[in-house]
Amino acid sequence: MTPDNSPFLELSGVSKRYGGVRALENVDFACRRGSIHAVLGENGAGKSTLIKIIAGVVQPDEGIMRLAGQPVRFRDPLAANAAGIVCIFQELSLMPDLSVADNIGISNPPRTRLGLIDKRAQRRRTEELLARVGCEDVNPLEQVKNLPLSRRQMVEIAKALGRGPRLLILDEATSALTSSDVLKVYDILKKLGEEGLSLLYISHRMHEIEALADTCSVFRNGRHIETFPAGTRGPDEIVQLMIGREMAHVYPPKPAGRGAVPPVLEVQDLRWGDRLNGVSLKVGKGEIVGLGGLDGQGQRELQLALFGVLSGLSGTILVDGKPVTLSSPAQAKHHSIGMALIPEDRKTEGLMLPMSIADNIGMAAMGSLTSGVFVDPAKERAAIQRMVDKLKIKVGDVADPVATLSGGNQQKVVIAKWLLTEPRIILLNDPTRGIDVGTKQELYQLLRDLADAGASILFYTTDYDELIGCCDRVLILYDGRIVRELQGDEIDEKAIVATSLNLPTTAETPFSAEAAP
Amino acid sequence: MNDLRLRLGQNLGLLLAIGLFLLFWLVYNGLHPKGFSTAVLIQNANESFVIGAVAMAQTVPVLAGGLDLSVGAVMTLVNCLASVLVNGSGWQMVLGIVVCLAAGTLAGWVNGVVVVYGRIQPIIATLATGAVYIGIALFIRPTPGGDVDGDLSWALTNDIYEFCATYGLFDDGEAAWLAPFAWIPMPLAIMLLVIFLVWIPFRNSVTGRGVYAIGSSEGAAYMSGVRIDRCKIAAFTLAGFFAGLGGLYLALQTSSGNADVPQAGAYTLNSIAAVVIGGTSLMGGSGGAICSLIGAMVIRAISFNFRIFDIAPLLQPLFEGIVLLGAVSIGAARVFRVKNRLELLG
């Protein structure tokens with residue numbers, strides 16, 4: 001920590017509204033030089049809006065932002081960059097068709113005397129930056145789309161460093177990294193902090209924050225709740241600050257052990273490219289099985305494979321003990337199999353945004369809402385109303401475009417769409433990302449009700465708490481295979497974190513040992 | 001070695017197009033009674049220049065993830081303008097050429113401004129502006145005709161020797177040092193000049209790279225601080241310049257201007273085909289003007305062959321279409337390697 005304690009970045013009274021939704025409400029926030037400042041909060045707590053305002057992506061409705069004491073207002077990311085604010089976003093900001101060197105040099109490439117891009121100098125600089133983040137194995141000429149996700153994220157970090165940041169914002173920047181890369185990134189970040197840089201660190205991983213941050217700020221429902229030095233509060237206290245109430249009430253009770261259940265879905269030695277390396281699992285009737293692990297360890301691919309999206313699979317998928325071949329989502333949803341996938345990105349894979357709420361809900365089950373060859377409007381209306389009531393979707397009129405709904409209600413529409421097909425096997429891919437606590441709670445209850453009614457649920461989530469609170473069993477994936485199955489009381493954060501990083505579970509998590517002094 | 005392999009791998013589409021061109025062109029020359037002669041080369045180069053220029057024009061907006069339906073119209077507009085302006089004394093002709101190229105560039109710039117500040121989809125914006133440009137062309141030249149300087153037309157549609165001879169340069173083209181280059185057709189020489197003086201500098205400029213970045217991922221480009229508006233306008237402006245160059249050359253080649261609406265449409269559609277055959281992705285982000293030039297040459301080489309093989313003229317479009325479909329399909333073969341069906345929908 002440097003002796004200079006004046007805030008480098010200071011926000012006062014900042015508010016931001018999107019339509020009727022208050023994303024940020026009168027926020028005061030400050031970040032010192034040389035500080036690694038963690039920003040904590042649930043999805044939808046206002047963290048990403050805060051970052052977007054600082055990085056010039058959106059403009060605040062009210063309030064003042066000061067940088068090194070001077071009031072600033074950024075029109076676009078370019079202006080924020082010029083002031084030394086560099087962001088590493090959760091959604092990668094790399095251009096897939098461009099080479100690594102072109103990506104790293106995109107905003108300010110070295111030029112020749114003629115003002116053109118000096119490719120040789122650019123390549124040298126790229127090699128230096130890659131070496132700095134320990135990625136000497138990446139060829140600067142390689143197109144980014146050909147790199148694995150973890151390398152891409154390291155390139156992203158190299159790119160950010162290349163822009164000479166004074167304030168570096170990392171938004172879930174480590175989500176796809178391998179554990180050795182994570183340690184490398186920690187070293188780089190700590191060094192940058194010692195050099196006097198301000199770092200804003202957003203992560204859902206409590207242990208990362210324990211290992212790195214010296215200051216924590218908690219946000220909830222668009223408000224800045226509290227800022228405190230790291231280590232002065234226990235994890236339970238922090239979680240309570242984040243969700244604003246006791247944790248215990250969030251999840252419905254799990255049914256007591258009911259012994260072995262017959263598997264409805266069984267997977268044997270499933271392989272696909274280098275992303276799935278022999279996955280075997282069973283999901284029984286009425287069971288909620290969680291998929292855990294770091295992001296990008298094959299969980300998404302596993303669900304896509306089961307849903308018939310991937311070709312070139314090897315291995316066996318059995319439904320009700322019979323081997324099946326699934327080569328399209330249309331086959332997977334057919335009533336003989338009865339599978340449904342609630343996808344990760346509801347905006348592109350889950351919903352047709354400009355179409356009405358009713359059309360979206362009816363889309364997957366259209367085949368069963370007919371009389372003769374035509375869609376029966378009365379049947380359709382009744383079915384849609386049933387779903388709106390069942391899921392308590394807050395709609396004005398079901399004829400409104402689904403884009404007018406809030407994130408939580410949009411997600412409910414996606415789920416309603418698939419519940420209409422009366423699925424027996426439900427695959428969920430991070431369904432609670434970006435939705436509010438209240439809706440989350442309703443979804444948890446809904447999942448449990450569905451399971452109790454006999455559905456088999458395979459639930460991938462990046463939120464450890466959901467694995468702990470919701471799932472009967474948890475399977476941890478690492479590098480395309482299941483490394484551990486947790487059951488009953490074994491499902492706790494420590495076990496999940498340790499196995500996610502593929503560490504021996506008997507040892508302490510390595511990060512607690514080297515937590516910030 | 002590793003670098004070379006990467007570069008080759010990233011340019012498979014271009015290599016494929018070069019292979020296709022060589023195939024069709026060598027067959028044509030092999031069967032032509034005067035095959036592999038300067039005369040045939042000059043004729044081929046003349047006939048390929050305009051479509052090549054228009055294909056290069058199409059490429060730039062495509063790289064930025066757009067599509068320009070007005071390239072044929074801009075070409076036609078400049079063609080008509082040139083049929084009025086490119087004559088008279090030497091300086092008048094130079095001025096005429098400059099005005100023609102400037103007009104094409106201006107038309108492209110207008111496209112860019114409409115797309116960027118009008119927030120209109122490129123495909124619909126250029127459909128509308130294209131109709132406007134054709135309208136202006138018809139206004140300039142209601143009936144085909146015009147007057148293009150004969151000497152200039154002769155000099156620029158032959159080889160370098162004739163060019164020098166016409167204008168008394170380098171001992172009327174007899175200078176000893178010129179001999180190794182004397183056979184090069186002028187259209188080829190002009191095209192090379194344009195590539196080295198316009199396209200390659202653009203490609204290596206910050207703006208040019210921005211165009212690729214936008215086509216690859218507009219959101220990521222914006223977050224990386226690429227000046228999106230400027231790059232998009234530049235892309236359409238450069239397209240206007242290339243299309244204008246094509247129009248100017250067509251005027252020299254035919255010694256006239258013709259506001260031919262179906263011809264403008266055909267050039268636009270062929271330019272898209274040339275872009276695809278050359279290996280530029282219609283999604284944007286990869287490829288380039290040189291690729292599309294080769295793509296245009298492939299299309300032309302296919303039609304050259306119809307002169308050799310005795311195919312009834314009525315059947316020509318049918319065969320041309322089938323060969324084109326085949327050529328494009330080779331490029332689309334990557335589909336078989338895609339393992340995630342969602343990626344096919346991108």
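This is a predicted model: local features need pLDDT of at least 70, side-chain atom pairs count only at pLDDT 80 or more; totals for chains, interfaces and linings use all residues.
## Chain A overall

Chain A has 517 residues, of which 47% count as buried. Its secondary structure consists of 18 helices and 22 strands. Among contacts in chain A with a separation of 6 or more, 68% join residues 24 or more positions apart.

Helix H1 of chain A, residues 47-54, is mostly covered, with 8 of its 8 residues buried. The buried set includes the lysines Lys47(A) and Lys52(A), together with Ser48(A) and Thr49(A). After H1(A) comes Gly56(A), which has a positive phi near 80°.

## Contact between chains A and B

The contact between the chains draws on 28 residues from chain A and 28 residues from chain B. On the side of chain A, helix H2 (residues 77-82) supplies the largest share, 3 residues. Sorted by class, that side of chain A has 17 nonpolar, 8 polar and 3 charged residues.

## Helix packing in chain B

Helix H3 (residues 38-63) and H13(B) have axes that come within 8 Å and cross at roughly 170°. The two helices are therefore roughly antiparallel, since the angle is over 145 degrees. Residues of H3(B) in this contact include Phe49(B), Val50(B), Ala53(B), Val54(B) and Met56(B). They meet a set in H13(B) that includes Ala235(B), Phe236(B), Leu238(B), Ala239(B) and Phe242(B). By class, the contact of H3(B) with H13(B) has 18 nonpolar, 4 polar and no charged residues.

A second pair is formed by helix H4 (residues 71-85) and helix H14 (residues 261-278) of chain B, which pack at about 135° with axes 7 Å apart. This angle makes H4(B) oblique to H14(B). The crossing of H4(B) past H14(B) is right-handed. From H4(B), the contact takes Val71(B), Gly72(B), Ala73(B), Met75(B) and Thr76(B). From H14(B), it takes Gln263(B), Ala264(B), Gly265(B), Tyr267(B), Thr268(B) and Ser271(B). The class count for the contact of H4(B) with H14(B) is 5 nonpolar, 6 polar and no charged residues.

## Nonpolar cores

The largest nonpolar core has 171 residues. Those with the most contacts inside this core are Ile169(A) from chain A and Ala53(B), Val54(B), Met75(B), Leu77(B), Ala235(B) and Val298(B) from chain B. Helix H13 of chain B, residues 228-254, gives the most to the core, with 17 residues. Another core, of 76 residues, lies apart from it and has Phe307(A), Leu420(A), Phe459(A) and Ala498(A) among its members.

Beyond its neighbours within four places in sequence, Met75(B) is in contact with Val50(B), Val54(B), Ala243(B), Gly246(B), Gly247(B), Leu250(B), Ala264(B) and Tyr267(B).

## Two buried residues of chain A

Pro140(A) sits in the loop between helix H4 (119-132) and helix H5 (149-161) of chain A. It counts as buried because 23 C-beta neighbours lie inside 10 Å. Setting aside neighbours within four places in sequence, Pro140(A) contacts Ser99(A), Val100(A), Ala101(A), Arg123(A), Thr126(A) and Glu127(A). Pro140(A) and Leu276(A) are 136 residues apart in sequence, and their C-alpha atoms are 27 Å apart.

Asn360(A) is in helix H12 (residues 357-362) of chain A. With 23 C-beta neighbours inside 10 Å, Asn360(A) counts as buried. Apart from residues up to four places away in sequence, Asn360(A) touches Leu351(A), Met352(A), Met355(A), Val402(A), Val413(A) and Lys417(A). Thr325(A) is 35 residues from Asn360(A) along the chain, with 27 Å between the C-alpha atoms.

Most residues other than glycine have a negative phi. Asp269(A) is not a glycine, yet has a positive phi of about 50°. Asp269(A) is found in strand S11 (residues 263-272) of chain A, and counts as partly exposed because it has 13 C-beta neighbours inside 10 Å.

Asp430(A), also not a glycine, has a positive phi of about 45°. Asp430(A) lies in the loop between strand S19 (425-429) and helix H15 (437-452) of chain A. With 22 C-beta neighbours inside 10 Å, Asp430(A) counts as buried.

Methods. Residues are numbered from 1 along each chain as its sequence is written. Chains are lettered from A and ligands numbered from 1 in the order in which they are written. Two residues are in contact if their C-beta atoms, placed from the backbone, lie within 7 Å. Helices (H or I, at least four residues) and strands (E, at least two) are DSSP runs, numbered from the N terminus. Ala, Val, Leu, Ile, Met, Phe, Trp, Tyr, Cys and Pro count as nonpolar, Asp, Glu, Lys and Arg as charged, and the others, Gly among them, as polar. Axes are lines fitted to C-alpha atoms, for helices over the stretch in contact, and angles run from 0 to 180 degrees between N-to-C directions. Angles under 35 degrees count as roughly parallel, over 145 as roughly antiparallel, 65 to 115 as roughly perpendicular and the rest as oblique. A crossing is left-handed if the near helix is turned anticlockwise from the far one by less than a right angle, and right-handed if clockwise. A nonpolar core is a set of buried Ala, Val, Leu, Ile, Met, Phe, Trp, Tyr and Cys residues joined through C-beta atoms within 7 Å. A residue is buried if 20 or more other C-beta atoms lie within 10 Å of its own, exposed if 12 or fewer, and partly exposed in between; C-beta atoms are placed from the backbone.
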